[in-house]
Every structure is written in C-alpha cells, then in structure tokens.
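These are my notebook entries on a single protein model. I set down each thing I looked up, in the order in which I turned to it.

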Amino acid sequence: MRERGWGEGSSRLDHFSAFLLDKLIDAAGVADVNSSFVLRTVKELRALPLSQLGRS
C-alpha cells in the first residue's frame, strides 16, 4: 500500500531508507542504526480493563 503525497512510485519506507542510507549512517557520531516497523494493527486497545481487577 502506497501513501499519498510522497510522489509517484515512492513510499514512506523508500524515503526513510534513502534518509537512513544517504544521511544518517554517515552522520558524525552514528555507529549503528536499528529500526522497527509496525506493518499493521492487529488489535487497537484504548484502555486497560481495570473493571476485571475487582475491588477489595
């Protein structure tokens, strides 16, 4: 799935990759880079189920 507004045939991942390889890796003081991505949301949880704790 491509994001809108990033140019024809490109994605946010393409832009991030270019930034990482062309800029960040060569920056002074940067020895290593590690990235993680969420591919999709499996379950969106908005609140903790505190009602299950019960009151004592």
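Predicted model: local features only at pLDDT ≥ 70, side-chain atom pairs only at ≥ 80, totals over all residues.

Entry 1
Leaving aside its neighbours within four places in sequence, with which residues is F16 in contact? I looked up F16 and found contacts with S35 and F37, once neighbours within four places in sequence were left aside. I placed F16 in helix α1, which covers residues 12-24. For F16 I read a relative accessible area of 30%. F16 is therefore partly exposed, since that term covers values between 20% and 50%.

Entry 1: aromatic rings.
I then asked how many aromatic pairs a search of the whole structure finds. The search gave 1 aromatic pair. The rings of F16 and F37 have centres 5.5 Å apart, and their planes stand at 80°, so I recorded the pair as edge-to-face. An angle over 60 degrees is what that term requires. I also noted where the two partners lie: F16 belongs to helix α1 and F37 to the segment after α1, so the pair ties together parts that are 21 residues apart in sequence.

Entry 2: the protein as a whole.
I turned next to the overall composition. The protein has 1 helix and 0 strands. Of its 56 residues, 5% count as buried. I recorded an accessible surface of about 5900 Å² for the protein, with 53% of it belonging to carbon and sulfur atoms.

Entry 3: a nonpolar patch.
Which residues make the nonpolar surface patch of about 390 Å²? I found that L13, F37 and L39 make this patch. I located L13 in helix α1. The relative accessibility of L13 is 49%, and L13 thus counts as partly exposed.

Is S11 buried or exposed? I read a relative accessible area of 10% for S11, which makes this residue buried, because the term applies under 20%. S11 lies in the segment before α1. I followed the side chain of S11 and found that it reaches the backbone nitrogen of L13 at 3.3 Å.

Entry 4: a charged pair.
How many salt bridges does a search of the whole structure find? The search finds 1 salt bridge. R46 forms a salt bridge with E44, and the closest N and O atoms are 2.5 Å apart. A polar contact of 2.5 Å is likewise recorded between the side chains of R46 and E44. I placed R46 in the segment after α1. With a relative accessible area of 75%, R46 is exposed. E44 counts as exposed too, at 53% relative accessibility, because the term begins over 50%.

Which residues does I25 contact, leaving aside its neighbours within four places in sequence? I recorded L20, V30 and V33 as the residues in contact with I25 on that basis. The relative accessibility of I25 is 36%, so I25 counts as partly exposed.

Methods. Residues numbered from 1 in each chain as written. Heavy atoms only, no water. Salt bridge = Lys/Arg side-chain N within 4 Å of Asp/Glu carboxyl O. Buried < 20%, exposed > 50% of the residue type's maximum accessible area, 1.4 Å probe, protein only. Helix = DSSP H or I, 4+ residues; strand = E, 2+ residues; numbered from the N terminus. Contact = heavy atoms within 4.5 Å. Patch = residues over 30% accessible without salt bridge, like charges linked within 9 Å, V, L, I, M, F, W, Y side chains within 5 Å. Areas by Shrake-Rupley, 256 points an atom, 1.4 Å probe, with all protein chains shown as cover. Polar contact = N/O pair within 3.5 Å; in protein donor to acceptor, adjacent residues only side chain to side chain. Phe/Tyr/Trp six-rings, centres within 6.5 Å; stacked < 30°, edge-to-face > 60°.
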